[in-house]
Amino acid sequence: MNSNRSFIINYMAIPTSRTKETATVIIDTDKCNGCGQCVEVCKDFGLEIVDNKVVTTDKAIFGCIACGHCMMVCPTGVIAVEGRTLSPVQMYKLPDKSKVPDFDSLLSMLQRRRSIREFKDIPVEKEKIDQILDAAQTAPMGLPPSDVHVLVLENKNQVRTFAEEFSKYLKTIRWMSSNWFMALMRPFWGKANDEMMHEFIKPVFDIYVDDMEKGNNWINYDAPVAMYFYGSPYTDPADPIIAATYAMLAGEALGLGTCMLGAMHPFIQNGKKARLFREKWGIKYPSREGLVVIFGYSNVHYHKGVKRTFADIHRIS
């Protein structure tokens with residue numbers, strides 16, 4: 001018997017750098033048991049139950065964005081989503097709950113994590129680099145498909161070269177940290193930015209440029225591996241940060257020391273020289289948010305941690 005199939009109508013798709021089309025929802029209605037779980041998880045209102053069978057609707061807000069939830073929740077496998085880089089062949093069976101760390105195990109890893117900037121002169125195995133990337137790609141995103149891009153520097157020489165060229169680039173824009181420029185801009189960028197320029201940005205220029213010329217790399221610490229997570233003009237600004245966090249935690253789970261470095265990203269976003277630097281390193285887009293994570297085998301051993309706090313926790317009961 002031929003299966004009845006229902007296709008979603010065409011919408012103006014939400015654009016990303018990877019696709020500008022909506023996905024297609026294909027339903028094998030003959031095998032649908034009408035449980036409605038797919039309808040419940042589709043927050044675009046693109047599905048409904050009619051005569052105890054799921055069908056696509058014309059009520060969707062955006063058209064199928066290929067989150068895949070309907071396909072993944074269906075107990076009988078009657079839904080397939082194709083498009084926006086998604087396909088049923090990408091589905092996998094969820095790991096058993098017994099393999100998931102409990103809260104105490106997770107908290108212990110988080111408490112043991114320190115920002116490591118001192119590394120043994122030991123390369124990170126390619127297998128571990130691949131595992132870190134696999135883990136980072138499970139990060140949630142504002143809108144699928146992920147528009148996060150990753151520059152991977154896989155050895156110490158690449159990391160050092162990147163730092164040296166970044167330092168040379170900073171030297172060409174060092175006027176931004178000059179007293180005359182900061183005095184000129186003070187009325188326009190406000191008190192907080194003025195304080196940051198004097199107390200953080202100016203010292204960053206000094207240490208990144210002057211100390212690098214002396215052979216001291218405080219930019220990325222000559223780490224064995226560095227990954228730069230950034231987005232495109234379409235990216236939710238949080239996406240690269242979340243993916244970088246997942247990568248950091250994966251590195252910790254693999255026995256590596258890790259550290260997040262945020263100071264490089266803002267300097268390479270604006271202007272012709274920044275664009276040329278990005279192009280040289282294959283960085284495809286300027287990005288509202290971005291983060292570098294460095295990895296390696298720690299050369300230091302911490303015996304204690306320190307309890308951190310938020311600026312404020314405001315609970316409404």
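Reader: Let's start with the largest pocket: how many nonpolar, polar and charged residues are in its lining?
Author: Bearing in mind that this is a predicted model, the lining of the largest pocket divides by class into 22 nonpolar, nine polar and five charged residues.
Reader: And what volume does the largest pocket have?
Author: The volume of the largest pocket comes to about 1600 Å³. Among the 36 residues lining the largest pocket, those closest to its centre are Tyr92, Gln137, Thr138, Ala139 and Met141.
Reader: Which elements give two or more residues to that lining?
Author: Those elements are α2 (69–73), α4 (126–136), β6 (149–153) and α7 (238–253), and it is α2 that gives the largest share, with three residues.
Reader: Switching topic, what is the order of the strands in the open sheet?
Author: The open sheet has four strands in the order β6-β7-β9-β8, and their pairing is antiparallel. At the edges are β6 and β8 (257–261), each of which pairs on one side only.
Reader: How many bridges join β7 to β9?
Author: Six bridges join β7, which covers residues 225–230, to β9, which covers residues 290–296; in one of the pairings between them, Phe229 has Leu291 of β9 as its bridge partner.

Conventions
Residues are numbered from 1 along each chain as its sequence is written. This is a predicted model: local features need pLDDT of at least 70, side-chain atom pairs count only at pLDDT 80 or more; totals for chains, interfaces and linings use all residues. Side-chain values use heavy atoms; hydrogens and water are left out. On a 1 Å grid over the protein atoms alone, a cavity is a set of points where a 1.4 Å probe fits but cannot get out, and a pocket is an open set with protein on both sides within 12 Å along at least five of seven lines; lining residues have an atom within 4 Å of a point. Grid points are joined across faces, edges and corners, and a volume is the space filled by probe spheres set on the points. Ala, Val, Leu, Ile, Met, Phe, Trp, Tyr, Cys and Pro count as nonpolar, Asp, Glu, Lys and Arg as charged, and the others, Gly among them, as polar. Two strands pair if DSSP finds at least two bridges between them.
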